[in-house]
Amino acid sequence: MSLMKRFRLTSVQIILGGFLIMILAGACLLCLPFSSASGQFTPFPEALFTATSATCVTGLIVHDTATYWSLFGKLVILTLIQIGGMGVVTIAVAIGLMSGKKISLFERSVMQDSISADQVGGILRLTKFILKGSACVEGIGAVLLFPVFIRNNPPIRAIGLSVFHSVSAFCNAGFDLMGSIEQYSSLTHYGTNVPLNVIIMTLIVVGGIGFATWDDIQKNKWKLHRYRLQSKLILVTSLILIVIPAVYFFCFEFTGMPLGQRILYSLFQSVTARTAGFNTADQAALSETGIIMMIFLMLVGGSPGSTAGGMKTTTLAIMFLSCISVFHRHDDATVFGRRIPPEIVRNATAIFMLYMQLFVVTGCIISRIEGIDLLPCLYETASAVGTVGLTTGITPDLCTASRILLIFLMILGRVGGLTMIYALPQAHTVSRKLPKEHVNVG
């Protein structure tokens with residue numbers, strides 16, 4: 001950190017730089033012959049795509065994880081998922097704490113930006129809480145998954161599967177090791193397994209609501225009126241984005257299934273679309289309306305300061321509240337007895353427009369490059385920028401140019417659109433207010 005401070009890097013530049021360094025290091029390791037099951041070198045573009053997908057906790061893959069990569073390769077991917085999910089800065093601070101190093105004010109400020117904390121004060125306590133909480137949740141998830149996998153696997157393999165899928169689900173990564181049953185099958189062979197579905201969904205939701213929300217829940221328990229406004233917005237928006245899409249999938253997409261299986265598939269489809277990337281149903285079999293619904297959910301993603309990506313639940317909530325305030329001719333967006341500052345509304349609008357434009361433009365470019373229909377390409381770009389990992393099956397067949405576009409979207413989706421923009425060198429201009437002039441809109 002002192003070296004970075006000497007070069008006058010900002011906190012957002014450090015966050016972005018940390019992710020890029022991890023991606024390049026992971027790609028170099030995955031290129032090595034002992035990272036692949038065949039013992040051959042993996043082409044760098046393919047290794048780079050996999051490392052980016054793992055570090056940005058996306059789940060899009062060009063090779064089946066279970067069959068293509070060796071044990072070493074899988075451990076590299078799992079490590080990248082863990083670091084990417086927790087955040088590079090969080091892991092760096094954790095190492096510093098364990099070594100007894102004193103954490104400077106600058107480093108605490110970087111940590112604050114990394115996990116979207118409200119203030120620098122108490123950041124070390126929150127970091128310790130995040131690390132302990134994450135280890136606890138992932139450990140419990142692995143223990144609960146073990147009875148599911150031990151039925152059809154030797155004990156050592158069952159332990160490996162339990163740990164890998166617990167970490168992958170909690171970090172909203174979507175990487176799986178089910179390729180030994182059928183390549184690129186994800187969890188489709190466990191679609192009717194109630195314990196596995198419930199455990200994976202719980203891990204996804206817990207990892208996706210954000211570390212600050214955890215802190216609120218831990219401090220205030222059921223006293224919801226004491227929660228921060230951000231936590232209230234996250235919990236309400238997340239609940240709505242799980243229930244309403246699940247009702248749609250139940251009523252229109254999985255109509256040919258028995259009732260219990262229909263409920264399970266609908267809930268899992270709704271939860272996994274929010275940056276997780278596991279799937280129990282064939283995504284290519286969804287109707288066009290179902291695909292549009294999934295694209296919307298993937299673009300929204302998880303919540304600020306979580307293991308998830310996307311434009312975030314709070315962005316959607318603030319955009320909606322801003323519209324309501326305009327319809328009612330109010331000056332400010334309000335919710336739960338609080339007023340949303342205008343600068344937050346502007347940020348939400350900028351993020352929304354940035355994600356929509358990138359998602360559409362890159363989808364159109366990939367469609368032209370590959371010569372395939374636009375809708376599957378939009379599904380792919382929404383999955384990348386939302387760091388989801390769901391696909392209709394076109395990822396392994398994309399050319400290098402299309403994969404580079406997806407790599408860019410995955411990085412932007414994980415670190416955040418504004419973070420990437422603020423990391424660019426800014427020209428120093430004199431701030432002044434210009435004359436106002438009315439423009440009609442609508």
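Predicted model: local features only at pLDDT ≥ 70, side-chain atom pairs only at ≥ 80, totals over all residues.

Visitor: Fine. How far apart are the end C-alpha atoms of helix 17?

Guide: They are 16 Å apart. Helix 17 covers residues 374–385, and its 12 residues at 1.5 Å each should span 16 Å, so the two values agree.

Visitor: Is helix 17 enclosed or open?

Guide: Helix 17 is largely enclosed by the rest of the structure, because nine of its 12 residues are buried. The buried ones are C377, L378, Y379, E380, T381, A382, S383, A384 and V385.

Visitor: What covers those buried residues?

Guide: The cover includes helix 14 (288–300), helix 16 (342–370) and helix 18 (400–415).

Visitor: And which residue with positive phi follows helix 17?

Guide: That is T387, with phi near 50°.

Visitor: Different topic. At what angle do helix 2 and helix 3 cross?

Guide: The axes of helix 2 (residues 11–31) and helix 3 (residues 44–55) cross at roughly 130° and come within 8 Å. That angle makes helix 2 oblique to helix 3.

Visitor: Left-handed or right-handed?

Guide: The crossing of helix 2 past helix 3 is right-handed.

Visitor: Which residues meet there?

Guide: From helix 2, F19, M22, I23, L24, G26, A27, L30 and C31 take part. Helix 3 meets them with F44, A47, L48, T50, A51, T52 and T55.

Visitor: How many nonpolar, polar and charged residues in that contact?

Guide: The contact of helix 2 with helix 3 has 11 nonpolar residues, four polar ones and no charged ones.

Notes. Residues numbered from 1 in each chain as written. Heavy atoms only, no water. Helix = DSSP H or I, 4+ residues; strand = E, 2+ residues; numbered from the N terminus. Expected span 1.5 Å × (residues − 1). Buried < 20%, exposed > 50% of the residue type's maximum accessible area, 1.4 Å probe, protein only. Contact = heavy atoms within 4.5 Å. Axes fitted to C-alpha atoms, helices over the stretch in contact; angles between N-to-C directions. Parallel < 35°, antiparallel > 145°, perpendicular 65-115°, else oblique. Left-handed = near helix turned anticlockwise from the far one by under 90°. Nonpolar A, V, L, I, M, F, W, Y, C, P; charged D, E, K, R; others polar.
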